[in-house]
Amino acid sequence: MITANNNATNIFRVEADNITIKGLSIIGAGMESAGIYILASNNCNIVNNEFSNDTLGVYLTNSMHNAILNNKASKGKRAINIERSNYNTIMNNNISSQRFGIYITGSEGNNLSGNEVIMNSNHGIVLENCKNNNLENNLANSNEDYGIYLVSSNSNNLTGNTAGSNVLYGFCLVDSSSNSLTNNEAINNSRGIFLLRSAESELTDNIVSNNGNGIQISSAGNNYISENQVSNNNISGISALSSANCTINENVLLNNTLGIDLIFSNNSTVLNNSLHEGERGINLQDSGYNIFSDNEALKNRYGIYLLRSEWNIFSNNTVSSSLDHGVILVNSSNNNFTSDIASSNGGYGVYLTNSSRNVLNNNTASGNSRGIYLITSSGNTLSNNTLRDNREYAFLLSYSIGNTLSGNEASNSSRGIHLSTSEGNTISGNTIVLNSISGIFVSSTSSNNIAFNNYLNNVFNADVKGGSFGNVWNITKTEGTNIAGGPYLGGNFWAKPDGTGFSQTATDEDGDGIADIVYKFSGNINTDFLPLVGSSESKQSVLPSKDLDTSEIETGSNKTETNHTEITTNETKPVANKKKTLANGT
């Protein structure tokens, strides 16, 4: 045992190469002094010593290729302090009850491995203004601030380290770039891995669990976060705040409050992630120009949630078995959803509220309470989507204006397309079949909508309530293949599952695919003046072909071709050789 007799001086001062200090108990160096101070010395070995109550245990400055191995240090300020010293090895040391366990500044090429750094009042391991150092298989637990802390340090490798039960952060990188974090564990910290103003780093194959925030980047760019296992974090799994151009790829996220969370973050790519059993699988707030593709959100409360977010692209994502809704857009515009699946969600497959100018194309929503639901949302385009087996509605529009529904399938639900206090919407080229209550429903407060070239095959095809006005059921007769395979566009195809529907039984003497008589709705003034008929093959089919673009077609409620005669209850308009007479139906 060697005890300092003057706590203002170093106990050992080394200024020579190839010195070994081994197996000593060194106590009491104080006043910024060290138990062992190595100055401008190389190839020294500090092995199997015990340090207690030293301000600095081992202090290296301007020294290279030294080894600090298997030492134990407790009750000091910094157990191992390295300044402007390169290519040293710090291995298998046991450090506790310091202010900082290991503190390295202005150094490069050092290897830290197998050290246990626990219960320090500030941080476990600190790198400041360092580069190209390797930290491997270190344990940094139960420190009052951070487990492992890099500040202004670049191009370092952190592999196989564990940072657990630290009061603030497990791993914290500030103003540090191009670092690699691989196969580390961050468990039970306030934040597991935190990057602040730190760019171009790679975080791969880490286990991050039971923290407040799992992996969080803030004011950072061009980071790559891949193949991490992130679970049971009670604020977020992977989050980006005011960050850009990041890639979040192939991570497994389980039971996090927010799985992947982007706030004020842009131009990032989120691919092939698995997000299960959280509050929100993917959460966007005030974020834009991000790409989300091939992610799976399963058994969350909400699968995908957008708030005040624009110009994001979602493709080939699967959102299934959410407790509430699959996809939600709140005050979000100009987003694009293509080839996504929203199935078996407890509430709605896709839900837009106060959201405009979004495009939903070629998506599938099945087995939900409601397939796609728009409320107070305008100017959205819903095209080529497949909505089947939804319990209440396939499409529901409420207080929504100027939306376009084209080329969709709405089938085997209670209601196909339902308009409630909605106006100026265009419904064309849709297949609306086998819905138990109604194919198309128009409330008494829904006006000035147009529906044409739709194929309806339901027991009750249209339920249009009195009081609505200006709703139109056909366009001007126009050349082009219609939904029933005929040569002209006009009105809709009105079928019934038992084969007795108007379009299945109406005559078409001139073979233009338009019935010889108009189709008037039962109980009100709504009329399809150019109802479609089809070939014998199309009449027998529940689901027709839909090769059609109706984006440039003129609309009108009473436009007729010159070779037809329209006969209503009050007026006859004879023209040429053929008469179009009135028929009643639903």
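## Salt bridges at a glance

The structure holds 11 salt bridges, each being a side-chain nitrogen of Lys or Arg within 4 Å of a carboxyl oxygen of Asp or Glu. Side chains of opposite charge can pair when their charged atoms come close.

A word on the ground rules: this is a predicted model, where local features need pLDDT of at least 70 and side-chain atom pairs count only at pLDDT 80 or more, while totals for chains, interfaces and linings use all residues. Residues are numbered from 1 along each chain as its sequence is written, and side-chain values use heavy atoms, with hydrogens and water left out.

## The chain overall

The protein chain has 2 helices and 70 strands; these are DSSP runs numbered from the N terminus, with helices being H or I of at least four residues and strands E of at least two. Of its 586 residues, 57% count as buried. Here buried means under 20% relative accessible area, exposed means over 50%, and partly exposed is in between (1.4 Å probe, protein chains only).

## Strand β32 and its partners

Take β32, residues 236–241: 5 of its 6 residues are buried, so the strand is largely enclosed by the rest of the structure. Strand β29 (residues 213–218) runs parallel to β32, joined by 5 bridges; two strands pair if DSSP finds at least two bridges between them. In this pairing, Ile 217 sits opposite Ala 240 of β32.

β32 also pairs with β35 (residues 258–263), again in the parallel sense, over 4 bridges. There, Ser 239 has Asp 261 of β35 as its bridge partner.

## Leu 275

Leu 275 is part of strand β37 (residues 274–276) and counts as buried at 1% relative accessibility. Beyond its neighbours within four places in sequence, its contacts include Leu 253, Ile 260, Ile 282, Ala 297 and Leu 298. Glu 296 is another contact; from Leu 275 to Glu 296 is 21 residues in sequence and 6.0 Å in space, C-alpha to C-alpha.

Glu 279 and Arg 301 join their side chains in a salt bridge at 3.0 Å, N to O. Glu 279 is in the loop between β37 and β38 (280–285) and Arg 301 in the loop between β40 (296–298) and β41 (302–307), so this pair links distant parts of the chain, 22 residues apart. Glu 279 is partly exposed at 30%, and Arg 301 is partly exposed at 33%. Together with Asp 324, Glu 279 and Arg 301 are linked in a network of salt bridges.

Arg 370 forms a salt bridge with Glu 392, with the closest N and O atoms 2.9 Å apart. Arg 370 is buried, with a relative accessible area of 16%, whereas Glu 392 is partly exposed at 31%. Then there's Asp 512 with Lys 477, whose side chains meet at 2.7 Å, N to O. Asp 512 is buried at 5%, and Lys 477 is buried at 12%.

Terms used. Contact means heavy atoms within 4.5 Å.
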